[in-house]
Amino acid sequence: MICDRLELCQQDLVPREGSVQRWRHDTIQSLEDMERVIHMVTSGMESVGYSEKEVLTMRLATEEAIVNAHKHGHQRDWSRPFSVRHHLDANGVVIQVEDQGPGFDPQQVPDPLAPENLERASGRGLLLMRTYMSGVCHNERGNCVCLCKRRLTSPPGESADG
Amino acid sequence: MSIHHGSHWLEREDFGRVTVARLKTPKILDDDVIRAVFDPIYALSSVGRNHVVLNLATVDYLPSMALGKLVMLSRRIEVGNGRLALCRLSPAVQEVLETTRLNDLFNIYPTEEEALQSFA
């Protein structure tokens with residue numbers, strides 16, 4: 001699913017306390033920061049009983065989003081920090097990555113599945129994010145991406161029939 | 001007889017005209033690791049070693065950057081009239097190649113032995 005409004009896919013996944021949504025905020029300024037944040041998300045998912053595949057695909061999509069911010073948003077300049085905020089619980093995971101770059105139009109990214117693009121060296125990150133997430137949203141400027149993953153498996157101790 | 005070479009990220013073994021390159025890192029993520037892994041493999045074609053088996057047994061998944069490097073490697077080897085085979089792909093790596101329709105681009109084998117035999 002691809003939606004154009006940043007808030008749409010995370011409205012029901014990120015609970016509110018009054019008018020304030022509950023997020024955990026982080027700043028990334030190094031590869032170590034990236035690994036730390038990803039580890040926090042994946043270990044949190046494991047502790048709530050997400051499947052191995054759900055954890056791996058969340059890791060893959062989050063890495064793609066962060067690498068895109070670093071590579072395209074900040075031209076590989078680690079001295080420029082960018083923001084990551086996330087929320088996870090038994091219902092799903094939401095991660096937002098925001099860089100300080102000029103942004104881009106995701107609609108203008110060439111289709112990597114088109115035959116003429118299959119042998120291009122780049123352009124598959126967005127496809128992978130969209131494949132493995134329930135939703136991928138960008139803000140209007142294109143410098144903030146939101147990854148939403150709704151839980152598919154039942155938490156441990158619960159049957160699929162509920 | 002095989003000839004064995006090694007580095008931190010990559011292990012290389014030559015079987016006649018075929019070179020087996022075994023990745024030793026589960027993650028191919030940042031630019032430094034990507035260069036350290038792929039530059040030696042790219043260099044193989046420069047010295048006439050154009051028949052390459054890439055063993056991905058230790059790789060948990062392939063991010064898009066590494067996919068791009070694989071595509072470039074495949075193209076470079078083919079330009080030199082060589083052939084690239086991939087083997088020991090994890091289910092996650094296999095799925096990524098299928099999702100990106102790159103599975104048709106590469107010669108993929110379940111084991112290193114079968115990949116080597118494909119060059120016979």
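Let me begin with strand β4 of chain B, residues 51-55, where five of the five residues are buried, so the strand is largely enclosed by the rest of the structure. By buried I mean that 20 or more other C-beta atoms, placed from the backbone, lie within 10 Å of the residue's own. Helices (H or I, at least four residues) and strands (E, at least two) are DSSP runs, numbered from the N terminus.

What we are looking at is a predicted model, in which local features need pLDDT of at least 70 and side-chain atom pairs count only at pLDDT 80 or more, while totals for chains, interfaces and linings use all residues. Residues are numbered from 1 along each chain as its sequence is written, and chains are lettered from A and ligands numbered from 1 in the order in which they are written.

Returning to β4(B), both of its faces are covered, with His51(B), Val53(B) and Asn55(B) buried on one side and Val52(B) and Leu54(B) buried on the other. The strand pairs in the parallel sense with β3(B), residues 18-23, over five bridges, where pairing requires that DSSP find at least two bridges between the strands; here Leu54(B) is the bridge partner of Ala21(B). β4(B) also pairs in the parallel sense with β5(B), residues 83-87, over five bridges, and in that pairing His51(B) stands opposite Arg83(B). From β4(B) the chain crosses through α2(B) to β5(B) in a right-handed β-α-β crossover, that is, with the strands pointing away from the viewer, the path from the first strand over the helix to the second runs clockwise.

For chain B as a whole, there are four helices and six strands, running β-β-β-α-β-α-β-α-β-α from the N terminus, and 39% of the 120 residues count as buried.

How many residues does each chain bring to the contact? Chain A gives 17 and chain B gives 18, two residues being in contact if their C-beta atoms, placed from the backbone, lie within 7 Å. On chain A, α2 (52-73) and α3 (125-132) each supply at least two residues of the side that touches chain B, and the largest share, five residues, comes from α2(A).

Finally, α3(A) is mostly covered, with six of its eight residues buried, among them Gly125(A), Met129(A) and Tyr132(A). The cover over these buried residues includes α2, β7 (135-138) and β8 (144-150) of chain A together with α2 (64-79) and α3 (91-99) of chain B.

Key
A residue is buried if 20 or more other C-beta atoms lie within 10 Å of its own, exposed if 12 or fewer, and partly exposed in between; C-beta atoms are placed from the backbone.
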